[in-house]
Amino acid sequence: MTLAVRYTAARTLDTAPAETRRPGPGEVELAPAYVGICGTDLHIFHGDMDARVRVPAVLGHEMSGRVLRVGAGVEGWAPGDAVTVMPLRWDDSCPACRAGHQHICRHLDFIGIDSPGAMQQRWIVPASTLIRLPETLALDRAALVEPTAVAVHDVGRAAVRQGERVVVVGGGPVGVLIALVARATGADVRVVEPSAHRRLLAEELGLSVWNPADDDVPALVGEWTGDAGADVAFEVSGAAGGVDTAVEVLGVRGRLCLVAIHPRPREVDLHRFFWRELTLVGARLYDRSDFEKAVGLVADGTIPAERLISKIVPLTQAPTAFEALEGGGDVMKILVDCTDDAQGAAV
């Protein structure tokens with residue numbers, strides 16, 4: 001028997017036996033090892049994505065694991081290979097795909113949202129989604145490759161350059177990863193985060209952090225930049241106040257990269273966009289090159305993945321992990337251990 005974590009209704013998860021089958025042509029069967037819980041998973045848990053998610057839905061798309069079996073026609077992969085998955089399937093025919101932007105396909109299947117995800121003991125995916133991991137990289141740390149790929153893509157979309165001053169509004173897992181990737185690019189980075197726990201962790205990672213509840217962030221940016229303003233701001237908080245801060249700190253011709261998913265329209269100071277000739281850039285998901293770069297950043301320690309993992313729980317305790325993450329401020333990343341040994345389940 002293999003187990004899976006399933007979303008069945010708002011704020012309702014269960015752990016139930018999962019259907020198994022052999023991988024078909026072009027597919028591989030994986031044994032997920034660790035699966036991270038992200039903000040999108042929490043949105044699903046809260047019922048915010050019921051119009052999109054088909055229940056019962058197996059969640060999870062931040063993962064690491066090993067190949068178990070390969071289907072007909074699959075080359076280059078063998079049982080035992082350490083992998084992560086770029087969880088995207090596209091139609092290759094819509095205007096976005098034809099333009100080379102498959103990751104924003106109009107009919108994108110985001111695996112783990114639109115189709116069954118990784119929070120199960122056996123998982124079948126297209127071989128085309130596999131990303132190879134070095135054997136020297138611990139699988140728990142490798143579960144952070146996917147969110148690191150998000151950060152790599154975001155920093156690339158914002159075209160961050162060496163020596164630029166960057167403000168990251170929101171110091172959760174993705175915000176900290178963006179700050180670390182931007183710093184590795186050579187930028188001078190500041191993080192804005194209200195949670196004391198997250199501020200402390202960011203500071204321990206060598207990042208400079210401001211508390212928006214106590215600090216006058218625009219004034220501090222002025223002091224830091226000689227009143228020039230930041231070159232780039234990343235909005236990762238998902239809050240209206242975060243949008244205001246991200247816009248206000250930018251200097252002339254600054255770039256605002258929108259990373260957070262805002263569930264409702266926000267008011268934006270468009271006069272400031274006009275007056276300073278600001279640029280707004282959207283950033284969604286990643287492509288294969290982002291993933292491959294992320295593997296390298298996690299493997300070489302540029303991303304100290306082990307410092308971002310707050311807790312690892314067995315698959316059967318995943319529902320309580322979702323509840324723990326709702327508080328937000330006292331945890332960063334919780335991983336679900338999907339290995340057979342962690343569950344005591346016979347396969």
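Tutor: A salt bridge is a side-chain nitrogen of Lys or Arg within 4 Å of a carboxyl oxygen of Asp or Glu. Keep in mind that this is a predicted model.

Student: How many salt bridges does a search of the whole structure find?

Tutor: The search finds 16 salt bridges. One of them joins arginine 21 to glutamate 27, with the closest N and O atoms 2.9 Å apart.

Student: Are arginine 21 and glutamate 27 buried or exposed?

Tutor: Buried means under 20% relative accessible area, exposed over 50%, and partly exposed in between. Arginine 21 has a relative accessible area of 47%, so it is partly exposed. Glutamate 27 has 19%, so it is buried.

Student: Which parts of the chain does the salt bridge of arginine 52 and aspartate 114 link?

Tutor: The side chains of arginine 52 and aspartate 114 meet at 2.6 Å, N to O. Arginine 52 sits in the loop between helix H1 (39-45) and S4, and aspartate 114 in the loop between strands S8 (109-110) and S9 (123-126). The two residues are 62 residues apart, and the pair links distant parts of the chain. Arginine 52, at 38% relative accessible area, is partly exposed, whereas aspartate 114, at 17%, is buried.

Student: Where are arginine 122 and aspartate 340 placed?

Tutor: The closest N and O atoms of this salt bridge are 3.0 Å apart. Arginine 122 lies in the loop between S8 and S9, and aspartate 340 lies in helix H13 (residues 340-343), 218 residues apart. Here the arginine is buried, with a relative accessible area of 15%; aspartate 340 is partly exposed at 24%.

Student: Which residues are linked in a network of salt bridges?

Tutor: Arg161, Glu164 and Arg255 are linked in such a network.

Student: Which residues gather in a patch of negative charge on the surface?

Tutor: The patch holds Asp216, Glu223, Asp227, Asp244, Glu248, Glu267 and Asp269. Patch residues need over 30% relative accessible area and no salt bridge. Aspartate 269 has 41% relative accessibility and counts as partly exposed. It is found in the loop between strand S15 (250-258) and helix H9 (270-276).

Student: How should I read a sheet, and in what order do the three strands of the open sheet lie?

Tutor: Strands of a sheet pair through backbone hydrogen bonds, either parallel or antiparallel. In this open sheet the order is S2-S1-S4, with antiparallel pairing. Strands S2 (12-17) and S4 (57-58) are the edge strands, each pairing on one side only. Six bridges join S1 (residues 3-9) to S2. Valine 5 has threonine 15 in S2 as its bridge partner.

Terms used: Residues numbered from 1 in each chain as written. Predicted model: local features only at pLDDT ≥ 70, side-chain atom pairs only at ≥ 80, totals over all residues. Heavy atoms only, no water. Pairing = 2+ DSSP bridges. Helix = DSSP H or I, 4+ residues; strand = E, 2+ residues; numbered from the N terminus. Patch = residues over 30% accessible without salt bridge, like charges linked within 9 Å, V, L, I, M, F, W, Y side chains within 5 Å. Areas by Shrake-Rupley, 256 points an atom, 1.4 Å probe, with all protein chains shown as cover. Lys, Arg positive; Asp, Glu negative; His and termini not counted. Charge placed at Lys NZ, Arg CZ, Asp CG, Glu CD. Buried < 20%, exposed > 50% of the residue type's maximum accessible area, 1.4 Å probe, protein only.
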